[in-house]
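Here is a short briefing for a reader new to this protein. Please look over the sequence and the structure before reading on.

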Amino acid sequence: NAPYDDDHVSASVISCRKDHSNNNMAHIIKPAVAIVKDLKAYNEAGGTNVGSQTWTARTLNTIEGESWFISLSGTTGFTLESGMYEISYSSPMFRVGNSISRLYDLTNTTEVVIGDSMYTEAAHNGAISFGNALVTISSSTTYQVHYAASSVRSTDGLGRENAYYSDSPSVFCQVKVTKLK
């Protein structure tokens with residue numbers, strides 16, 4: 001006997017329908033990724049930092065990668081459309097004493113996450129504060145990376161310049177934004 005003769009009829013029906021509402025984003029296979037950064041010219045330092053432990057926004061002036069869901073907001077922020085995101089950032093400092101960073105929701109005036117605490121004194125070199133967050137937002141929201149430091153350092157408190165590779169820019173604060181849905 002054959003496995004499927006006339007006495008053993010088998011049928012399957014598969015029904016497919018496209019979701020036109022864009023509310024069900026489960027069909028996205030690859031997340032979209034953008035990098036926002038403070039990009040300066042070769043041999044240009046990150047800038048003079050503010051001391052006295054005052055929260056101050058980092059410069060963000062360049063978007064790389066996929067940018068359909070993100071835009072720059074002035075010279076210090078970035079705006080995301082509604083959705084779910086993973087946001088990771090790095091905030092370098094150089095010889096500024098005690099310092100810390102945070103991701104700040106400017107639209108809702110809320111601290112999202114505090115980054116690593118650092119200590120960089122005159123005899124020590126720089127350090128980088130990292131922070132990571134998952135956010136779900138229902139409307140357009142603007143974010144900034146802030147830092148606070150205990151002392152001021154002129155010219156390069158916000159990071160040492162690239163002084164060795166003339167064909168490459170100096171890069172300072174960086175934010176990786178992954179749109180998850």
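The model is predicted. The protein has 12 strands and zero helices. Of its 181 residues, 38% count as buried.

**Overall make-up**

- From the N terminus on, the elements run β-β-β-β-β-β-β-β-β-β-β-β.
- Take the contacts between residues at least 6 apart in sequence: 76% of them join residues at least 24 apart.
- The protein exposes about 10500 Å². Carbon and sulfur atoms supply 49% of that area.

**The five-stranded sheet**

- Five strands form an open sheet in the order S3-S1-S12-S6-S10. The pairing is antiparallel.
- Strand S3 (62-65) and S10 are the edge strands. Each of them pairs on one side only.
- On average, neighbouring strands of this sheet are turned by 20° against each other, direction ignored.
- Four bridges link S1 and S3 in the antiparallel sense. Lys37 has Thr62 in S3 as its bridge partner.

**Strand S7 and its partners**

- S7 is mostly covered, with seven of its nine residues buried.
- S7 runs antiparallel to S11, and seven bridges join the two. Asp105 stands opposite Tyr143 in S11.
- S7 also pairs with S8, in the antiparallel sense, over four bridges. Here Asp105 has Thr110 in S8 as its bridge partner.
- A further antiparallel pairing, over three bridges, is with strand S9 (residues 118-120). Ser99 stands opposite Met118 in S9.

**The S7-S8 hairpin and Thr109**

- S7 and S8 form a hairpin, and four residues lie between them.
- Thr109 lies in the loop between strand S7 (97-105) and strand S8 (110-114).
- What is the phi of Thr109, which is not a glycine? The phi is positive, about 45°.
- Is Thr109 buried or exposed? Thr109 is exposed, because its relative accessible area is 58% and the cut-off for exposed is over 50%.

**The nonpolar cores**

- The largest nonpolar core has 21 residues. Those with the most contacts inside this core are Phe78, Leu80, Ile87, Leu103, Val175 and Val177.
- Which strands each supply at least two residues of this core? They are strand S1 (32-40), strand S5 (77-80), strand S6 (83-94), strand S10 (126-137), strand S11 (141-149) and strand S12 (170-179).
- A second, separate core has five residues. Among them are Met93, Val96, Met118 and Tyr147.

**A closer look at Leu80**

- Leu80 is one of the residues with the most contacts inside the largest core.
- Leave aside its neighbours within four places in sequence. Leu80 is then in contact with Phe69, Ile70, Tyr85, Ile87, Ile137, Ser139, Ser140, Thr141, Tyr143 and Val177.
- Among these contacts, Ile87 and Val177 are also named with the most contacts inside the largest core.

Definitions and conventions. Residues numbered from 1 in each chain as written. Predicted model: local features only at pLDDT ≥ 70, side-chain atom pairs only at ≥ 80, totals over all residues. Heavy atoms only, no water. Buried < 20%, exposed > 50% of the residue type's maximum accessible area, 1.4 Å probe, protein only. Core = buried A, V, L, I, M, F, W, Y, C linked by side-chain atoms within 4.5 Å. Contact = heavy atoms within 4.5 Å. Pairing = 2+ DSSP bridges. Axes fitted to C-alpha atoms, helices over the stretch in contact; angles between N-to-C directions. Areas by Shrake-Rupley, 256 points an atom, 1.4 Å probe, with all protein chains shown as cover.
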